[in-house]
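Notebook open, structure loaded. I wanted to look up the pockets first, then a helix and a few strands.

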Amino acid sequence: MKIFTHSQIQELDKYTIEHEPIKSIDLMERSAHAITQAITEKWMNDVPVVVFAGPGNNGGDALAVARMLIDLNYKVQTYLFNISGHLSADCAENKDRLIHKKSNAPFTEVTVEFDPPHLEKGTLVVDGIFGAGLNKPLAGGFAALVKYINASAAMVVSIDVPSGLMTEDNAYNVRANIIRADLTLTLQQPKLSFLFAENQQYIGELRILDIRLSKEGIDKTDAHFTCVEDSDIRQILKPRNAFAHKGQMGHALLVAGSYGMAGAAVLATKACMRAGAGKVTIHTPKRNAQILQTTIPEAILNLDREETVFSEAVPTENYQAMGIGPGIGTSEQTMIAMIAQLRRAQCPAVVDADALNILASRHAWMQQLPKDIILTPHPKELDRMEGQCVDSYERLNKARQLAEKLQGYVILKGHNTAICMPDGHVVFNTTGNAGMATAGSGDVLTGILTGLLARGYQQREACILGVYLHGLAGDLAARDLGEESLIASDIIDYLPKAFLMVKK
């Protein structure tokens, strides 16, 4: 699914109007029908409704919804804010339709002063004040109205976008002046800002309503951002040849674990094998030998000369993929060995955890990373590498810029993990849950990615498939075990079920 900017959405509206063809007022009516249906599915007509409509097309949607709810015997009070004395053409048309409707439903057009209604618990507020076109923080009377609504006990459903929230960059927004919706009914596609953690408090439950914008227009419009869909994953999956043997399934190298952090090596290695690699070799300090031989008998052990730290680079010509970083520590010896390992890499590489922390402390080494490398930072790791960020939008842009600069892949981990490509494109993942916020979850992802690369997937395919499977396995585990009790090894245990599910 593509995620469009506000200007692209406007162009899609125009394209639909011209090529369907359909009048803009009729397209608004179609949107209002979808919104009204979503509201009536959730609230019965004994719920009192207060509609707040702004002067633009978002307000036009709200006025049309008010009219349709009245037709369905809802008790509706409508307030249209026309402070400047100018309404959009379709908003003005819907105002006339509502006024000329033979109904006793109260309608107030606010031009100067406003005496707000009492918003009691059990009241439903329909927020149609401002939509996707907003490009500056709310102030004055509108800011006061938002604060009044937020302070009430009423339930709030926002049309398209909670009023006050901008569709992309909210770095300098006034967050106290944004509607906190219980339900957001967004039209056709999610907005970029909906994917950022700090904005979840404004969106509440999200529903995406299909208003049948032109499929041809959507297909023709390039988008920098997309959300992965099930069909994308099925196209990526490679079949296994019935006559395959382990030598054809790829040999992966994992450089992981310092003394006391053998668990990171265990998790990454188990995940790598569960991701389909034919063979996995672990390079780790000597003192980890017994733990690894006991817990992962299927893996090959390659011991460092040092007892407790990673200190020497390993030749990679016999491996199809390499993962480095989980639990290796940041000692001086390890730092030097890590960059030597990456410089000598003759196979695709995944860089995570302590390897990222080392790069953050030795920023000049970033220039020595091989092309098509995969970095998997969580937000704090990216901030350490690229500088502190104001919000998720700035952080995403820095991750995109880093991927372009390195001509590699940056997987910015989070609820909607962002896979940043060398060409500037970003794919957001759609699987995963809060239970995966647990120690070792990132090590598991490193193992999965390394295993898929060894198996023969290209970097782009491995990133999309690996992140999706990681999240799906977490979802399956949470379904059976609950989010609170989820641990990283559960994700590995549910990887087989995740593979089975995507193959259906």
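Of its 43 lining residues, His378, Pro379, Lys413, Gly414 and His415 are the closest to the centre. For my own record, on a 1 Å grid over the protein atoms alone, a pocket is an open set of points where a 1.4 Å probe fits, with protein on both sides within 12 Å along at least five of seven lines, and lining residues have an atom within 4 Å of a point. Volume is the space filled by probe spheres set on the points, which are joined across faces, edges and corners.

Before going on, a note on the source: this is a predicted model, where local features need pLDDT of at least 70 and side-chain atom pairs count only at pLDDT 80 or more, while totals for chains, interfaces and linings use all residues. Residues are numbered from 1 along each chain as its sequence is written, and side-chain values use heavy atoms, with hydrogens and water left out.

Which helix gives the largest share of that lining? I found α15, with four residues; helices here are DSSP runs of H or I of at least four residues, strands are E runs of at least two, and both are numbered from the N terminus. Helices supplying at least two lining residues each include α12 (354-361) and α16 (459-481).

Next, the second largest pocket, at about 720 Å³. It has 30 lining residues, and His6, Gln10, Asp13, Asn57 and Asn58 are the closest to its centre. Here α1 gives the largest share, six residues, and α1 (6-19), α2 and α3 (57-71) each supply at least two.

Then I checked α2 itself (residues 24-42). Its 19 residues should span 27 Å at 1.5 Å a residue, and the end C-alpha atoms are 28 Å apart, which agrees; the expected span is 1.5 Å times one less than the number of residues. Buried residues in α2 include Ile25, Leu27, Glu29 and Arg30, where buried means under 20% relative accessible area (1.4 Å probe, protein chains only).

Last, the strands. Five of the six residues of β11 (279-284) are buried, so this strand is largely enclosed by the rest of the structure. β10 (251-255) runs parallel to β11, joined by five bridges, with Val255 opposite His283; two strands pair if DSSP finds at least two bridges. On the other pairing, four bridges join β11 to the parallel β12 (300-303), and Ile282 stands opposite Leu301.

How values were computed
Buried means under 20% relative accessible area, exposed over 50%, partly exposed in between (1.4 Å probe, protein chains only).
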